[in-house]
Amino acid sequence: MSIPETSVIALYFEADARRDIDAIVALFTDDAVVVDEGQNFQGTAAIRGWQEGAASKYQYTTEVIGTKRTGEESTLVTGRLTGNFPGGTAELQWRFTVQGDLIRRLEIA
């Protein structure tokens, strides 16, 4: 299953590919939570900080391998990152919880 082109999840991956931090932050609710590398980032200011810090530490490309709807508002995306980080490739899962047209929660593992 692919991600519908108009979904907020597709917009997230498109903005991430462009490294467009403003566009990424605009996709989240004001009180959204991102969980990445064992840390929680709550609210758009913290999510911006995550994007400007940990999320931009390396150059990478993302290949979405699959998507699975796990609930009415939840989607699991699996993919492969390739870049200049230690190891050079990583298999990841993004668990999105969407509220309306915005992301309410994102867990990356």
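Modeller: Y12, F13, F28, W94 and F96 make up one aromatic cluster. Bear in mind that this is a predicted model, where local features need pLDDT of at least 70, side-chain atom pairs count only at pLDDT 80 or more, and totals for chains, interfaces and linings use all residues. Residues are numbered from 1 along each chain as its sequence is written, and side-chain values use heavy atoms, with hydrogens and water left out.

Biologist: How many aromatic pairs turn up in the whole structure?

Modeller: Seven. Rings of Phe, Tyr and Trp (its six-membered ring) pair if their centres lie within 6.5 Å; planes under 30 degrees apart are stacked, over 60 edge-to-face, the rest tilted. Y58 and F85 have ring centres 6.2 Å apart and planes at 70°, so that pair is edge-to-face.

Biologist: Where do Y58 and F85 sit in the chain?

Modeller: Y58 is in the loop between α3 (44-52) and β3 (60-69), and F85 in the loop between β4 (74-83) and β5 (89-99), 27 residues apart. Helices (H or I, at least four residues) and strands (E, at least two) are DSSP runs, numbered from the N terminus.

Biologist: And is F85 buried or exposed?

Modeller: Buried, at 13% relative accessible area, while Y58 is partly exposed at 30%. Buried is under 20%, exposed over 50%, partly exposed in between (1.4 Å probe, protein chains only).

Biologist: Switching to strands: what does β1 pair with in the antiparallel sense?

Modeller: β2 (residues 39-42), over four bridges; pairing takes at least two DSSP bridges. V34 is opposite F41 there.
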